[in-house]
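Please read this note with the model open beside you. Find each residue as you reach it.

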Amino acid sequence: MSKPFKRPIRLRQAAFVSCILAIIWLIIQVYWSMTAIPTLLTDPFLQLPGANSVNVVWFTEFAGVKHTVSYGRELAQTEIATTTQLSRTREDARSRVGTQVADGQIYPQTRSRPIWRHEATISRLLPNLRVPYRVTSVTVDGAHITSKTFSLTANPTTGKPLKILLTSDHQLMPMVTANLQKVAETLGRVDAVFMAGDLTNIADRASEWFDDRRGGAFFPALQGRGSYKLKQSGIETLYKGGELIQHAPIFPAIGNHEVMGRFDGDQSLNYQFEDAIPREHAVKLPPSFANARSSWLKDNSFNTDTYEEIFSLPQTSPGGKQYYAVSFGDIRLIVLHVTNIWRTPSLDADARGKYRERQTDFDRPANWGYGQHIFVPIAKGSLQYNWLERELHSPEFQQAKYKVVMFHHPPHSLGENVVPAYTDPIQKIQQRNPGAITSIEYTYPRQDDFLIRDVVPLLTAAKVQLVYYGHTHIWNRFVNSAGMHFLESSNVGNSYGAYVGDKRRNVPTGDLKNYAATDNPNGLTPIVPSIAPLTDDLGNPQPYLASNDITAFSILDTKTGTVSSYRFDTRTPLTGAIKFDEFVLKRE
């Protein structure tokens with residue numbers, strides 16, 4: 001008879017030691033959380049500049065008892081902030097925050113992360129006068145946490161020269177902190193930031209906004225508080241980003257990464273982000289999908305709640321913060337909600353993608369993704385289109401020296417995401433017999449592209465000078481016959497390439513009418529940079545920048561009406577940014 005199995009002594013000792021170390025680690029974490037000195041989660045930043053006012057916003061991880069802004073001469077004036085708690089910020093197994101360096105170490109499951117937002121309106125400001133300010137938050141224990149001193153000003157008057165940073169698609173990408181640091185080093189203080197969407201990757205993941213441990217979260221990068229180590233050619237360089245939005249208001253647009261999908265308290269945040277479906281299909285869901293929240297339809301389709309709770313934006317449209325118009329100095333800026341969900345272009349059987357449903361889901365409509373569907377309509381006759389049409393005829397727009405429209409999805413591009421056409425997917429279901437589905441496919445007729453068919457002609461007729469957008473992670477620009485410029489300056493942190501020559505997009509074969517494999521599918525020819533274009537191996541100048549080593553940013557200068565683009569090669573960290581393109585906006 002065999003002897004009963006006994007665990008070797010060494011294994012038992014190792015298990016005991018591991019258990020003791022785990023307990024010690026837990027005790028250290030609890031002690032640290034109880035004794036750590038509270039800090040501000042962000043520096044303050046500026047929002048909603050008015051003729052004689054501006055709002056100051058910052059975040060903490062404690063509710064506190066009092067939050068104030070001191071400003072003016074010797075910081076003698078004080079305004080009390082209003083505090084609200086963000087409703088959807090969470091962390092999960094894939095967060096990189098605190099001591100979680102691998103999946104699930106601190107957050108094995110999705111968990112709420114309480115964060116408080118503080119906002120004060122600073123009024124009675126004199127036009128074009130910049131004054132110092134700082135913020136203070138007081139904890140329940142009476143500790144005063146105070147920021148450094150920054151500067152603020154009201155909305156600039158017409159005629160005042162401004163420098164506006166045009167940026168997009170940060171998403172915690174590797175070169176973002178380097179990019180923003182070079183903005184600050186090259187230009188010093190900017191007067192505003194126009195951001196064409198995709199601020200983070202997962203909008204409800206708190207650490208992506210505030211304190212991702214890799215050092216490239218949204219606010220730290222734009223406030224010079226980042227800490228991202230970029231290694232190139234064996235040389236590691238630490239980049240902190242730029243101190244920008246402490247002094248300048250930021251005006252963002254909604255990109256596809258600001259939209260969260262179906263809410264689920266248990267699923268990972270990545271899953272929830274990817275699981276968005278159109279509202280018209282959410283209302284058909286069976287009762288088992290219902291929950292007790294008052295926002296049932298948003299919870300079962302998609303929402304932009306975290307984005308809207310973080311930013312204070314002009315609410316000049318039926319869409320509230322989702323699309324708006326604002327005057328800033330000589331600029332009339334129109335920001336649209338033009339984005340759709342990103343789906344994989346794969347045609348494999350296991351793909352819930354742009355062009356098909358997953359084969360195993362054919363008989364499970366609750367799992368369908370409905371292709372690359374649009375979130376908020378922009379087609380002619382839609383609520384957003386009608387508002388845009390009215391705004392283009394408004395006195396504020398008509399009288400502005402510079403007319404700029406910003407949104408996320410590209411109307412013209414050499415990148416991948418310009419295909420398929422920006423239109424509602426047409427679903428085609430094939431069945432062998434009733435109830436036996438053999439395929440579910442989606443098509444996107446190019447002639448129905450809402451941007452090219454409806455929006456661009458409207459903007460051209462209104463004499464818009466600049467259309468700024470992102471989404472495909474490259475730099476390229478175009479100009480139409482009326483002199484309206486199209487600029488995509490989204491090669492900020494990484495690139496997925498420009499689709500020219502032999503590089504082909506992942507599109508269905510055999511349908512070149514609707515799906516262009518190369519070049520810009522919508523007709524305009526890309527412009528070669530006017531100063532220092534990059535060249536190919538044969539020395540030919542390239543009409544784009546698509547690099548994972550070189551990052552770019554663009555500046556609108558209202559004094560001269562020029563838009564200048566700069567590039568920085570992270571492989572040579574001791575060099576500065578190089579201006580490689582410049583063009584002048586058309587004037588009446």
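The numbered points below go through pockets, rings, contacts and backbone angles.

1. Ground rules. This is a predicted model, in which local features need pLDDT of at least 70 and side-chain atom pairs count only at pLDDT 80 or more, while totals for chains, interfaces and linings use all residues. Residues are numbered from 1 along each chain as its sequence is written, and side-chain values use heavy atoms, with hydrogens and water left out.

2. The second largest pocket. Its volume is about 800 Å³. (A pocket is an open set of points on a 1 Å grid over the protein atoms alone, with protein on both sides within 12 Å along at least five of seven lines; a cavity is a set where a 1.4 Å probe fits but cannot get out; lining residues have an atom within 4 Å of a point. Points are joined across faces, edges and corners, and a volume is the space filled by probe spheres set on them.) The second largest pocket has 33 lining residues. His 257, Asn 270, Phe 273, Glu 274 and Trp 342 lie nearest its centre.

3. What lines that pocket? Of the lining residues of the second largest pocket, 9 are nonpolar, 10 polar and 14 charged. (Nonpolar covers Ala, Val, Leu, Ile, Met, Phe, Trp, Tyr, Cys and Pro; charged covers Asp, Glu, Lys and Arg; the others, Gly among them, are polar.) Helix α5, residues 269–274, gives the largest share of this lining, 4 residues. (Helices are DSSP runs of H or I with at least four residues, strands are runs of E with at least two, and both are numbered from the N terminus.)

4. Arg 205. Look in the loop between β13 (192–195) and α3 (206–210). Arg 205 counts as buried, at 5% relative accessibility. (Buried means under 20% relative accessible area, exposed over 50%, partly exposed in between, with a 1.4 Å probe and protein chains only.) Its side chain makes polar contacts with the side chains of Glu 208, at 3.0 Å, and Asn 270, at 2.5 Å. (A polar contact is a pair of N or O atoms within 3.5 Å; within protein, one must be able to donate a hydrogen and the other to accept it, and residues adjacent in sequence count only if both atoms are side-chain atoms.) Asn 270 also belongs to the residues nearest the centre of the second largest pocket.

5. The cavity. The count is 1 cavity of 30 Å³ or more. The largest cavity has a volume of about 40 Å³. Its lining includes Val 419, Pro 420, Arg 446 and Asn 514. By class, that lining has 5 nonpolar, 2 polar and 2 charged residues.

6. Aromatic pairs. The count is 25. (Rings of Phe, Tyr and Trp, the last by its six-membered ring, pair if their centres lie within 6.5 Å; planes under 30 degrees apart are stacked, over 60 edge-to-face, the rest tilted.) Tyr 355 and Tyr 444 have ring centres 6.0 Å apart and planes at 85°, so they are edge-to-face. This pair links distant parts of the chain, 89 residues apart. Tyr 355 is buried at 4% relative accessible area, and Tyr 444 is buried at 1%.

7. What else does Tyr 355 pair with? It also pairs edge-to-face with Tyr 515, the centres being 5.3 Å apart and the planes at 75°. Tyr 355 is in the loop between β18 and α9, and Tyr 515 in the loop between β24 (485–489) and β25 (550–557), so this pair ties together parts 160 residues apart in sequence. Both Tyr 355 and Tyr 515 are buried.

8. Charges over rings. The charged end of Arg 279 sits over the ring of Phe 302, 4.0 Å from its centre. That of Lys 403 sits over the ring of Phe 397, at 5.7 Å. (The rule asks for NZ of Lys or CZ of Arg within 6 Å of the ring centre and within 35 degrees of the ring normal.)

9. Backbone angles. Most residues other than glycine have a negative phi, and most peptide bonds are trans. The bond from Val 419 to Pro 420 is cis, with omega near 5°. Asp 169 has a positive phi of about 55° and is buried at 0%. His 471 has a positive phi near 85° and is buried at 4%.
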